[in-house]
Amino acid sequence: MLEKTVGVSESMETPGSQTSLHRANLERVVRAVRMAGSLTQAEIARGTGLSAATVSNIVRELKDGGTVEVTPTSAGGRRARSVSLSGDAGIVIGVDFGHTHLRVAVGNLAHQVLAEESEPLDVDASSAQGFGRAQALVDRLIGATGIGRDKVIGVGLGVPGPIDVESGTLGSTSILPGWRGINPGDELAARLGVPVYVDNDANLGALGELVWGSGRGVKDLAYIKVASGVGAGLVIDGSIYRGPGGTAGEIGHITLDESGPVCRCGNRGCLETFAAARYVLPLLRPSHGADLSMERMVQLAREGDPGCRRVVGDIGRHVGSGVANLCNLLNPSRVVLGGSLAEAGELVLGPIRDSVSRYSIPSAARQLSVLPGALGARAEVLGALALVLSEMGDSSLLESTLSPATPAFT
């Protein structure tokens with residue numbers, strides 16, 4: 001609650017008062033900068049709907065309070081001022097658990113990655129082992145930045161499986177079988193002592209590409225990840241769409257062939273059975289070795305191996321069928337292909353576009369661009385950083401700015 005020294009009646013932050021309006025405008029500006037990393041004052045005005053004069057006053061107040069930093073820049077050939085959150089405002093941490101890896105990143109509120117590291121993770125490791133490894137890696141990276149632990153605002157955590165939105169527990173997953181039924185957010189929060197925000201890897205990949213990668217500048221996109229499974233992260237009007245149960249985007253379980261292979265979900269002929277590593281790599285291993293990975297298959301395809309090129313093309317056509325369904329239902333403006341398969345470039349993107357053109361509504365296909373992810377294996381951990389930036393509140397950031405002497409201009 002905001003207080004002034006001039007009287008009890010003026011200490012109340014009543015709806016519609018100058019004080020509450022001023023605070024709301026401060027929060028609008030801080031949130032806009034927090035989500036974008038840095039913006040010019042003109043961009044803040046356009047994004048928030050506030051007047052240029054109001055933005056200028058608020059930025060000056062936030063700068064004086066130590067909440068933001070302002071640096072000279074240029075926009076459209078003209079001098080401008082770039083506004084970003086102060087480097088002293090705090091840090092956020094991203095943790096990404098994958099099928100075979102653990103990746104951790106530390107970033108500040110200006111969207112700068114300060115430290116990042118990845119290490120192998122045995123898929124059969126218990127959750128306790130996994131979280132122990134994550135805690136040790138987080139501690140090491142925070143130490144490497146030289147920033148105190150008290151500056152940690154929150155942690156974003158990515159896991160390769162659906163999260164129940166009501167209980168926060170990890171649902172059925174054959175990718176991390178020893179983790180079923182645990183609450184990963186509570187587990188990691190207890191170890192690190194800060195709030196933890198959890199989402200699945202496809203949603204975090206979508207967030208990462210939206211903020212830092214191939215999704216920048218659009219508000220509606222689908223991020224497709226093809227790895228041990230097939231999933232999609234859906235962004236609608238600039239926000240991740242999870243659905244009431246948290247399972248939106250399970251594109252891997254669209255039925256392509258009712259007489260096809262039995263999927264891990266119990267149905268037959270799901271897209272995943274025609275595209276995921278566990279189903280397609282055995283087709284090539286008799287001739288390419290038992291240790292063939294998706295990354296190696298893509299590399300061989302790029303080098304001209306006919307068998308690998310055929311499988312990559314087939315995966316693209318099948319994924320394109322699923323993307324066509326998304327286009328008909330949601331009409332996104334962009335599809336971003338993530339994971340190691342994206343490294344195949346046009347060998348996979350071309351077949352995806354062909355299927356989209358064949359199976360989707362013509363108007364939806366014309367409006368769609370299909371691009372490879374720009375972040376590669378980093379998409380999920382950067383998305384975990386973005387998750388904290390999107391979920392955290394602004395009140396603590398404004399503590400130094402809002403004071404009893406704060407003028408109530410708007």
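Mentor: The conversation below moves from the whole chain to selected side-chain pairs.

Mentor: Please note that this is a predicted model, in which local features need pLDDT of at least 70, side-chain atom pairs count only at pLDDT 80 or more, and totals for chains, interfaces and linings use all residues. Residues are numbered from 1 along each chain as its sequence is written, and side-chain values use heavy atoms, with hydrogens and water left out.

Trainee: How many helices and strands are there in the protein?

Mentor: The protein has 14 helices and 13 strands; these are DSSP runs numbered from the N terminus, with helices being H or I of at least four residues and strands E of at least two.

Trainee: And what percentage of the residues is buried?

Mentor: Of the 410 residues, 50% are buried. Buried means under 20% relative accessible area, exposed means over 50%, and partly exposed lies in between (1.4 Å probe, protein chains only).

Trainee: What share of the contacts comes from residues 24 or more positions apart?

Mentor: Among contacts with a separation of 6 or more, such residues account for 61%, a contact being heavy atoms within 4.5 Å.

Trainee: Let us change topic. Which residues make the nonpolar surface patch?

Mentor: Ile236, Tyr241, Leu329 and Leu330 make a patch of about 400 Å². Patch residues have over 30% relative accessible area and no salt bridge; like charges are joined within 9 Å, and nonpolar side chains (Val, Leu, Ile, Met, Phe, Trp, Tyr) within 5 Å. Areas come from the Shrake-Rupley method with a 1.4 Å probe, and for residues only the protein chains shown count as cover. Leucine 330 belongs to helix α11 (residues 306-330) and is partly exposed at 42% relative accessibility.

Trainee: What about aromatic pairs: how many does the structure hold?

Mentor: There is one aromatic pair. Phenylalanine 97 and phenylalanine 131 form it edge-to-face, at 5.6 Å centre to centre and 85° between the planes. Rings of Phe, Tyr and Trp (its six-membered ring) pair if their centres lie within 6.5 Å; planes under 30 degrees apart count as stacked, over 60 as edge-to-face and the rest as tilted.

Trainee: Where do phenylalanine 97 and phenylalanine 131 lie?

Mentor: Phenylalanine 97 is in strand β4 (residues 91-97) and phenylalanine 131 in helix α4 (residues 127-145), so the pair links distant parts of the chain, 34 residues apart. Both phenylalanine 97 and phenylalanine 131 are buried.

Trainee: How many disulfides does a search of the whole structure find?

Mentor: The search finds zero disulfides, a disulfide being a pair of cysteine sulfur atoms within 2.5 Å. For cysteine 270, the nearest cysteine sulfur is that of cysteine 265, 3.7 Å away. Cysteine 270 is buried, at 0% relative accessible area.

Trainee: Now the charges. How many salt bridges are there?

Mentor: The structure holds 14 salt bridges, each a side-chain nitrogen of Lys or Arg within 4 Å of a carboxyl oxygen of Asp or Glu. One of them joins arginine 242 and aspartate 199 (2.7 Å, N to O). Arginine 242 lies in the loop between β11 (239-241) and α7 (272-275) and aspartate 199 in strand β8 (residues 196-200), so the pair ties together parts 43 residues apart in sequence.

Trainee: Is aspartate 199 buried or exposed?

Mentor: Aspartate 199 is buried at 4% relative accessible area, whereas arginine 242 is partly exposed at 26%.

Trainee: Which residue pairs with arginine 317?

Mentor: Arginine 317 meets aspartate 314 in a salt bridge (2.5 Å, N to O). Both lie in helix α11, three residues apart, about one turn of the helix.
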